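Subject: Structure handover

Hello,

Here is the structure you asked to look at. My notes on what was found in it follow below.

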2 protein chains.
Amino acid sequence: MEALRGTPAEVLRRYPSPTSAEFRRIAGEVHGVDPDSVVATNGGDELLRLAITTFVEPGHPIGVASPSYSLYPVLAGIHGSPVVSSPLDEDWRPSADFAKQMNREGVALTFLVNPHAPSGTLLSATEIADIAGALNGVLLVDEAYVDFVDPDLEHDVVPLVREQDNILILRTLSKGYSLAGLRFGYGIANPSLIEPIATKTRDSYSVDAIAERLAAAALKHRDAAAETWSTVRGERGRLAKALERLGLPCVASQSNFLLAAVPDAFAGGAEMVYRRLKEQGILVRFFPQEGLRHRLRITVGTAEQNDRLTAALRSMAPA
Amino acid sequence: MEALRGTPAEVLRRYPSPTSAEFRRIAGEVHGVDPDSVVATNGGDELLRLAITTFVEPGHPIGVASPSYSLYPVLAGIHGSPVVSSPLDEDWRPSADFAKQMNREGVALTFLVNPHAPSGTLLSATEIADIAGALNGVLLVDEAYVDFVDPDLEHDVVPLVREQDNILILRTLSKGYSLAGLRFGYGIANPSLIEPIATKTRDSYSVDAIAERLAAAALKHRDAAAETWSTVRGERGRLAKALERLGLPCVASQSNFLLAAVPDAFAGGAEMVYRRLKEQGILVRFFPQEGLRHRLRITVGTAEQNDRLTAALRSMAPA
């Protein structure tokens, strides 16, 4: 808010830095990479679109693990590209021959969200390195939720980009930095992968001057955001235990949400619970698709919000 | 600046309105159209890209008048589309069979910048209506500089969109509202033309919450911007006269720049003048292409800037 209120009028009057140079310098410092390994985008969604238009010929296939972020197939559709979908196993992990499946279908770009949505499962950096190493095409690792990973795991995919020139990491300020209104995302990759995105397919001034300024401030002061991440992790553990006690066991999550299984005996099942919660002004996610329709994705809220949710669920629980 | 400083933190925390509903309501009021006739974009450049991805199959041709904005052929190239270029006549106007030329080549989208860049020439609403009426495809009228048109001309293309469903008007806040750092543009067209842009090809949250808020404030208080437009018009006339007196006659301009002819006898011609001005920290535009290389595009500055330019040119003038 200080960075916002301190924005001089001159910043609005002039065109922004076409390369978001100041943000890239700071992101480079934070992640221990060269600024040439960073590209700033108008939200993470723009990076998803740019990855497609940069690395996939129109009409050629795009790879995903299913289930995952619903925007991937939408963007593929706009590009006229079929989607090669590989189902995750029972532990929400890609199958052992995931990369082989993609290679066989001639996939030039594969999306993996890690931690996974909607389960919260985390693949280690080694697992990511192995998949990327086996892929013929580019692997986009969508780290929208990575800020919520337990720091004790020392999880860091970024060092891989030095050696592996087909890994494109997506970051966003919408989740971990509570800046969804700002529309700011960025990519981290080997400079050889960043260069065509930054100079060929990206609109010249896709990131505005205020967003760049505030994003730079957010990354500089990420200790403040890290306090929130720690609070979310604490509440995540507490909420998971409360849901477990109610008979709604959750997948072990490294994200800011929990995927809870809802038995049909519990108030008529996931969809009914979703509806009854909505009536009370409590919004959780219900996905009607195969493999998810007996579950609910519940975002970890404040302690008060989580208590209100738990109380509402308790009142629906079977006797 | 008041709208900026008054932005509450909550606006940053939450996702923005995916449709920029509040801005569209205000723009609708300002232009006398329904909000469904307006789409907000991340700068005018995003609307140019969206027009191409919405209305042109990849690889199919795109039409332009030449010379015009250098980004049109760049965006066409990214789309794999050849450019059908129709040269303007000596008065910087499209030839009488402009629409026929486009139709003959199967052009689905034609760009016209009006007032024209780099000459500042204005086509009337009637001329625009005639061209659009004769075109088989969509006509994008790029009104980036329209705010600087003399109000006595009562120039307004917007009413056409009610009857003609192939006219897409581009507006930007970068020029007339001095908000280039904000990256905010919008399209005005028949709802049937806006709908596929707004719902099919546009990224869900391409306009951030601060930009929408500030753009709405700018349009609400456009009387303040209108004072600047009036000042620019006054300086435009004064500068044109001064250049004329120096032997550098200008095309009659309705924009915030002047296209001045530079005889070779004047300090060695346009490119030399451009370089010598640059050495003095005065930036004007030199275009090395056929038809423009004996001219300079000079943006109308403040009275002081214009006087400094005039003095610098006077010192270069032939005896």
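Two residues are taken to be in contact when they have heavy atoms within 4.5 Å. On that basis, the contact between the chains draws on 37 residues from chain A and 37 residues from chain B. Please keep in mind that this is a predicted model.

Confidence

For chain A, the mean pLDDT is 96, and 100% of the residues in that chain reach 70 or more. For the complex, the predictor gives an ipTM of 0.90 and a pTM of 0.94.

Interface

Putting chain A and chain B together buries about 3000 Å², and 57% of this is on carbon and sulfur atoms. Counting residue pairs in polar contact between chain A and chain B, with both residues at pLDDT 80 or more, gives 17. On the chain A side, the elements that give two or more residues are helices H1 (2-5), H2 (9-13), H4 (43-55), H5 (71-78), H9 (191-201) and H10 (209-220). The largest share, 4 residues, comes from H2(A). By residue class, the side of chain A that touches chain B has 18 nonpolar, 8 polar and 11 charged residues.

There are 2 salt bridges between chain A and chain B. One of them joins the side chains of Arg49(B) and Asp203(A), with an N to O distance of 3.1 Å.

Salt bridges within the whole model

Over all chains, the count is 30 salt bridges. An example inside chain A is the pair Arg13(A) and Glu10(A), whose side chains meet at 3.1 Å, N to O. Both residues sit in helix H2 of chain A, and because they are 3 residues apart there, about one helical turn separates them.

Aromatic pairs

How many aromatic pairs does a search of the whole structure find over all chains? The search returns 16. Among them is the pair of Tyr15(B) and Tyr205(B), which is tilted, with 5.0 Å from centre to centre and 45° between the planes. Tyr15(B) is in the loop between helix H2 (9-13) and helix H3 (21-31) of chain B, while Tyr205(B) is in the loop between helix H9 (191-201) and helix H10 (209-220) of chain B, so this pair ties together parts that are 190 residues apart in sequence.

Backbone

Most residues other than glycine have a negative phi, and most peptide bonds are trans.

- The peptide bond between Ala117(A) and Pro118(A) is cis, with omega about 10°. Pro118(A) belongs to the loop between strand S4 (109-113) and helix H7 (125-134) of chain A.
- Ser66(B) and Pro67(B) are also joined by a cis peptide bond, with omega about 0°. Pro67(B) lies in the loop that runs between strand S2 (62-66) and helix H5 (71-78) of chain B.
- Ser178(A) is not a glycine, yet its phi is positive, about 55°. The loop between strand S6 (167-172) and strand S7 (185-189) of chain A holds Ser178(A).

Regards

Terms used. Residues numbered from 1 in each chain as written. Chains lettered and ligands numbered in written order. Heavy atoms only, no water. Buried area = accessible area lost by both parts, 1.4 Å probe. Salt bridge = Lys/Arg side-chain N within 4 Å of Asp/Glu carboxyl O. Polar contact = N/O pair within 3.5 Å; in protein donor to acceptor, adjacent residues only side chain to side chain. Nonpolar A, V, L, I, M, F, W, Y, C, P; charged D, E, K, R; others polar. pLDDT = per-residue confidence, 0-100. Phe/Tyr/Trp six-rings, centres within 6.5 Å; stacked < 30°, edge-to-face > 60°.
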